[in-house]
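User: Please take me through this structure, setting each value against the definition behind it.

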Amino acid sequence: MVERNAHSMGIFGRKSLFCLFSITSVLFMLSWSYVLRSAGRPHLNIVPNSKLLALADDGNSRSRTHRDGDIPTLSKSRKKFNLFKCNPSNQLLKVFMYDLPPQFHFELLGWKAEGKTVWPDIRSTVPQYPGGLNLQHSIEYWLTLDLLSSEFADNLNGRTAIRVRNSSEADVIFVPFFSSISYNRFSRLKPHQKRRSMNTLLQEKLVAFLTAQEEWKRSGGKDHIIMAHHPNSLLDARVKLWPAMYILSDFGRYPPSVANVEKDIIAPYKHVIRNYDNDTSDFVTRPILLYFQGAIYRKYGGFIRQELFYMLKDEKDVHFSFGSVQKDGIKQATEGMHSSKFCLNIAGDTPSSNRLFDAIASHCVPVIISDEIELPYEDVLDYSGFCIFVPTSEALKEKFLINLIRSIDKEEWTRMWTRLKEVENLFEYRHPSKDNDAVQMIWQAIARKVPAVNLKLHKSWRFYRTPWRERGLKSALLPKIFQ
Ligand SMILES: *[C@@H]1O[C@H](CO)[C@@H](O)[C@H](O)[C@H]1NC(C)=O
Ligand SMILES: *[C@@H]1O[C@H](CO)[C@@H](O)[C@H](O)[C@H]1NC(C)=O
């Protein structure tokens, strides 16, 4: 008994000692933190607030790092996030646009800057984009016009994005290089250009410009938006600027490490044939069952087109002809698509083409044979409601395609035709942009990527922004750009 008591006493004694120690520790820590607090806020900022850095940056640490001097990019790296991600429905996407020299954008359209102005005054005149097939890839023009006009807008109703002048307040950084027209118009060598075309030179200049910007350095480019809608645009610079979010027509000519559906945005082509306004046609009054007009390519795609041609050429209500849509061709194709129930989209030398968007504008139900195709805003839009997808392997089976198309009855077709009329506006480019048209839909698609971009940025800042880093210590762990 005695022994046992002594034993329990011992336990009690140890317990109370531990208790006493704990209380002392707590008191000690409280007083220590009081000392810290009175010693000045910047120190406190480093530790307890670190979790909130992204949301609540009060700029205190900025001035301090400026003084250190040896890590100049750090100060700017504290990007101020607005609450966009918490409230996507009524927050605008804040876009900072570089004032790139006019040779990168409107001068490529023939506009001449007066004096030191960078941008045309679009309140008086809007420079025209070259017409014809150039227009297919004109997204660079429409997005830039929308940003420019956001500054003069009386009200922001219907707008997704606004231009902000302070990059620290922006969700994304927009690079207004008109890469598609640069490729279409300026990639051929002129006699006086010995080795490099204007298109190549502009890309070199762009890479030099971007990698020297504070905005690029703080993010490594991850929050930058670069447009390269023509499959051959940005051919030289794409492998150097890939951390950015690209806006593309498809991924056909990109290695997955440089561009992919997680990181990048697919934008529609601007259709080149006329809209079918006041379309009162129906299943019966569209005489052509299946319509295809396109080129034969020698590369991948040509084979499928030829096979399908031989399979379909004797079907009397099928229009299948080769030839690209040029001048007269546009008028012909407009008539053809407006008179057809179904329009074929076959992979060419790239998985996508403007034909799909021509078909949508014509309310001609698209039949898509392109296994690698990626479609605009497919995360919010179900294409199966107004398109028919056929795997290439099936389409190449004798009679499969024609039997499938013939099996779709009036009711089913009319449902898809009605849906086409509902969605066609999502693919319209125009200025001023409005009502969830292509311009707004692309900004919205970008806005949906912002949280993923922020996740990547925060991860890349883990080591970069820790207290020891703020004291100017360097580490081999850091991405090269921060060293
Ligand atoms: C830009 O925004 C940041 C964060 O809101 C602010 O601290 C800074 O002073 C602003 N810069 C200018 C030039 O207004
Ligand atoms: C379509 O209908 C509207 C209203 O009825 C009319 O104003 C417009 O001119 C028509 N468009 C065409 C291309 O016929």
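Analyst: The second largest cavity is lined by Leu-308, Met-311, Leu-312, Glu-315, Glu-398, Lys-399, Leu-401 and Ile-402. Helix H9 (302-312) and helix H13 (400-406) are the elements that give two or more residues to this lining, helices being DSSP runs of H or I with at least four residues, numbered from the N terminus. This is a predicted model, in which local features need pLDDT of at least 70 and side-chain atom pairs count only at pLDDT 80 or more, while totals for chains, interfaces and linings use all residues. Residues are numbered from 1 along each chain as its sequence is written, and side-chain values use heavy atoms, with hydrogens and water left out.

User: What makes the link of Cys-343 and Cys-364 a disulfide?

Analyst: A disulfide is a pair of cysteine sulfur atoms within 2.5 Å, and the sulfur atoms of Cys-343 and Cys-364 are 2.1 Å apart, so the pair is a disulfide. Cys-343 lies in strand E9 (residues 340-346) and Cys-364 in the loop between helix H11 (355-361) and strand E10 (365-369), 21 residues apart, a strand being a DSSP run of E with at least two residues. The structure holds one disulfide, and with 105° about the S-S bond this link is right-handed.

User: Why is Cys-387 called buried?

Analyst: Cys-387 has a relative accessible area of 4%, and buried means under 20% (exposed is over 50%, partly exposed in between, with a 1.4 Å probe and protein chains only), therefore Cys-387 is buried.

Note on methods: Chains are lettered from A and ligands numbered from 1 in the order in which they are written. On a 1 Å grid over the protein atoms alone, a cavity is a set of points where a 1.4 Å probe fits but cannot get out, and a pocket is an open set with protein on both sides within 12 Å along at least five of seven lines; lining residues have an atom within 4 Å of a point.
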